[in-house]
Amino acid sequence: MSFAALFGVSPVERSSGRRQFRRLNRGGDRQANAALHRIVFIRLRVDPRTPDYCERRIKEDKTRREIVRRLKRYAARDVFHLVGQLQPGPRS
């Protein structure tokens, strides 16, 4: 199982006719998902790169829900790398 699936932010295909959609996995830890949600909205207020990213995606006709979904994936990736750095190496 992927780290994103544990957080409930892995993409799941959801298609209807000719339109292709992705939605977030509804499984996973709800508290972890809520933490990612907070991270995303704090980044929107504090990190100048995040609103720029949103503006670019809005120009591509992406919905706010799609943008937040993608930002949660990026945040999950960042958290994964941070957790990997904190873990100690193998003992001898």
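In which handedness of crossing does α3 pass α4? The model examined here is predicted; local features need pLDDT of at least 70, side-chain atom pairs count only at pLDDT 80 or more, and totals for chains, interfaces and linings use all residues. Residues are numbered from 1 along each chain as its sequence is written, and side-chain values use heavy atoms, with hydrogens and water left out.

Helices (H or I, at least four residues) and strands (E, at least two) are DSSP runs, numbered from the N terminus. Helix α3 (residues 49-59) packs against helix α4 (residues 64-86) at an angle of about 140 degrees, and their axes are 11 Å apart. Axes are lines fitted to C-alpha atoms, for helices over the stretch in contact, and angles run from 0 to 180 degrees between N-to-C directions. The angle makes α3 oblique to α4; angles under 35 degrees count as roughly parallel, over 145 as roughly antiparallel, 65 to 115 as roughly perpendicular and the rest as oblique. The crossing of α3 past α4 is right-handed, a term for a near helix turned clockwise from the far one by less than a right angle, left-handed being anticlockwise. Contact (heavy atoms within 4.5 Å) involves Thr50, Tyr53, Cys54, Arg57 and Ile58 of α3 and Ile67, Arg70, Leu71 and Tyr74 of α4. These residues comprise six nonpolar, one polar and two charged. Here Ala, Val, Leu, Ile, Met, Phe, Trp, Tyr, Cys and Pro count as nonpolar, Asp, Glu, Lys and Arg as charged, and the others, Gly among them, as polar.

The angle between α2 and α4 is about 105 degrees, with axes 9 Å apart, and the two helices are therefore roughly perpendicular. Residues making this contact include Leu36 and Val40 of α2 and Leu71 and Val79 of α4. The contact divides into ten nonpolar, two polar and four charged residues.

The largest nonpolar core has 13 residues, of which Phe7, Val9, Leu36, Val40, Cys54, Ile67 and Leu71 touch the most other members. Such a core is a set of buried Ala, Val, Leu, Ile, Met, Phe, Trp, Tyr and Cys residues joined through side-chain atoms within 4.5 Å. Two or more core residues come from each of α1, α2 (30-46), α3 and α4. Phe7 touches Asp29, Ala32, Asn33, Leu36 and Val79, not counting residues up to four places away in sequence.

Gly8 lies in the loop between α1 (3-7) and β1 (11-16) and is buried, at 0% relative accessibility. Buried means under 20% relative accessible area, exposed over 50%, and partly exposed in between (1.4 Å probe, protein chains only). Asp61, in the loop between α3 and α4, is exposed at 69%.
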